[in-house]
Amino acid sequence: MSTLLTLAPEFASVVALPAADVPPSVPRADFSDTPIWLSAVKALLLFVFLLLNTLVVIWFERRVIGRMQNRPGPNRAGPFGLMQTLFDGLKSLFKEDVKPAAADAFLFTLAPILFATMAFVSFAIIPLGGTVNLFGHQTPLQLTDLSVAALLVLAVAGVAAYGVILAGWSSGSTYPLLGGLRSTAQVISYEIAMGLALVAVFLYSGSMSTSQIVEAQRNLWYIVPAFISFVVYVITMVGETNRIPFDLAEGEGELVAGYHTEYSGFRFAMYYLGEYINMFTVSALATTMFLGGWHAPLPFNLIGDGYFDSGWWGLLWFTIKMWLFMFFFVWLRGTLPRTRYDQFMAFGWKLLIPGTLLWVMAVAFIRGAQLGFLGDSSIAIAGREIPIATLIVIGVLLVAVLVVLWLWETKMTEREEAAAKAADVPEEIDPYAGGYPVPPLPGQRLREPSTYPALPRAGATATVVDTPTVENKEA
Amino acid sequence: MGYGIEEKLPSGILLSSVEEIVGLSHKSSMWPVTFGLACCAIEMMAVGGPHYDIARFGMERFSASPRQADLMIVAGRVSQKMAPVVRQVYDQMANPKWVISMGVCASSGGMFNNYAIVQGVDHIIPVDIYLPGCPPRPEMLLNAIVQLHKEKVRHRPLGANRAAAAKRAEEAAMAAVPTQLQPATHDHGGYVGKNLLA
């Protein structure tokens, strides 16, 4: 890079432009004392950390769902059934690896590898803790950091979607193909809303580097100022990981097991592993973006001059926060049924994406007002200087919310009235009006058959044009 | 059957240890294929519920895809029309795989002694455990599963050991006395003409 810059000095000035106007109080993670071998060690530790977490989370999920359904859950394999996941994995390892005759051999193997490896990559930019002493080097508990670290997670999730679509296609079978298409459509659609939800965080922190975002949340977690983004992110992260209630790609009644229908043995185990690592990835990103990353929660960050808010302690807080999201995933699975595919897509495209767009616009104005782009005049309220521009923006937002609520309520009232009108049942029913007997609805009175005109007898030539039976024949 | 390297180990302590681990993992994580044929399936579903909880054995993950399943519970009578489907699902399952024939109908045709029902699912697929009952209670299914674990899964021979076991079974079958030449196991004529209440 440096040789390139010396060759083209005029280009260097462009590259060397300050990336963003970040307040100097928010430093990036310092990797100057991290040799390459230490990065390799950290990558290995991260890998082990994730595998151990996966080993525990599958057991945890099955036990917790068991308790939610008043049953013990797995308790035979090892103490408290703790070895359950290990045996699941070993079993898959020792199982026959079926490759269907119609499958594309190369892609059929490549797809699970792609999916499982991509699941691990995102974790490289997640800060797991503060700066620690590792083998005599002062290094942050983070594998690496980029100026666009948060985008890397979205990009990697996009590549992982190939693992799904290729699995569906290469299986050479209809159900995996349909499941793969569904799954990919779902992941890609919800990634848009997810990216938009993160934009609010970028606006507040002025950076896409995860270490800077975490550092900027030292005093106030972004779940407070960007609460709507948080809600949208939590919804999209469930959609992104194909979990209940959004596990449409694995609807047993429709698609057998979705894109991995034809997978068995170790190849299937890689999907199984990848799906759980993906859950950890989105949970870790949620922690980093909205819950202050590895920083200690409120009572602990005040103790001992921030002692609990530094170094290895960060790993503890980070793990606790990440596992809160994992519990949330399990809780959802124990609670909710599956949504319908069209409802799910309509929800994502018609509500989440435009809604988040509006929210991002609002955040941009609030942030602009805070930074003084919309004028400098301020007013003192309750002893605090608040810029007038901020108040105006908030006022406009409130009015907008009220207008939307008013429109919504009008629409709902209209719909209710229409439904009430449609449900209006007549007092009396003619059971043969439709040509065959119909039972009366509750509260309805049957019209007595004795009031009918006489039905024509066989051979009779009476004029019976007015009887209901003949009318129906004409109809 | 399987094609992994664990099958190519020489017979001895190493193979026995691998057998032990493989048996333990198969026993601890046996996923049944999502599959039910008749009233026995209702009892099978009850086993998944809180009262009996098949999850204790790590078996609550009923696999929708036969590729990922280890156990087929034939729960109910197999009609002639369903027989090829059952066979296909069985063929689609990856090795190693086991079959429980649940209820008398699956085991022998049961009360359906007629042209429409296969007289025992072992006419179309190999069965590991026959579970009587019409339908068997959920406890009986759990017992059948535990017995299956104990007898067929936990110490399943691999590689050279399996070849030896198959040879022994073949020799025993060749040496076996046909049923009609075997001595009677009980007295068929003893009760004829006698008052059983006396």
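Visitor: What share of the contacts in chain A with a separation of 6 or more comes from residues 24 or more positions apart?
Guide: In this predicted model, such residue pairs account for 73% of those contacts in chain A. A contact here needs heavy atoms within 4.5 Å.

Visitor: What makes a residue count as buried, and what percentage of chain A is buried?
Guide: The cut-off is a relative accessible area under 20%. Of the 475 residues in chain A, 45% are buried. As for the surface, chain A exposes about 25,000 Å², with carbon and sulfur atoms supplying 69% of it.

Visitor: Why are strands β1 and β2 of chain A called paired?
Guide: Pairing asks for at least two bridges, and β1(A) and β2(A) have five, so they qualify. Strand β1 covers residues 129–134, strand β2 covers residues 137–141, and the two run antiparallel.

Visitor: What do β1(A) and β2(A) form, and which residue in the turn has a positive phi?
Guide: They form a hairpin with two residues between the strands, and A:Phe135 in the turn has a phi of about 55 degrees. Chain A as a whole has 16 helices and six strands.

Visitor: How do you know where the predictor's confidence is under 50?
Guide: By pLDDT, which is given for each residue on a scale from 0 to 100. Residues 1–22 of chain A stay under 50, with eight contacts beyond four places in sequence. Residues 467–475 also stay under 50, with 12 such contacts. Chain A averages 83, and 89% of the residues score at least 70.

Key: Residues are numbered from 1 along each chain as its sequence is written. Chains are lettered from A and ligands numbered from 1 in the order in which they are written. This is a predicted model: local features need pLDDT of at least 70, side-chain atom pairs count only at pLDDT 80 or more; totals for chains, interfaces and linings use all residues. Side-chain values use heavy atoms; hydrogens and water are left out. Helices (H or I, at least four residues) and strands (E, at least two) are DSSP runs, numbered from the N terminus. Buried means under 20% relative accessible area, exposed over 50%, partly exposed in between (1.4 Å probe, protein chains only). Accessible areas come from the Shrake-Rupley method with a 1.4 Å probe; for residues, only the protein chains shown count as cover.
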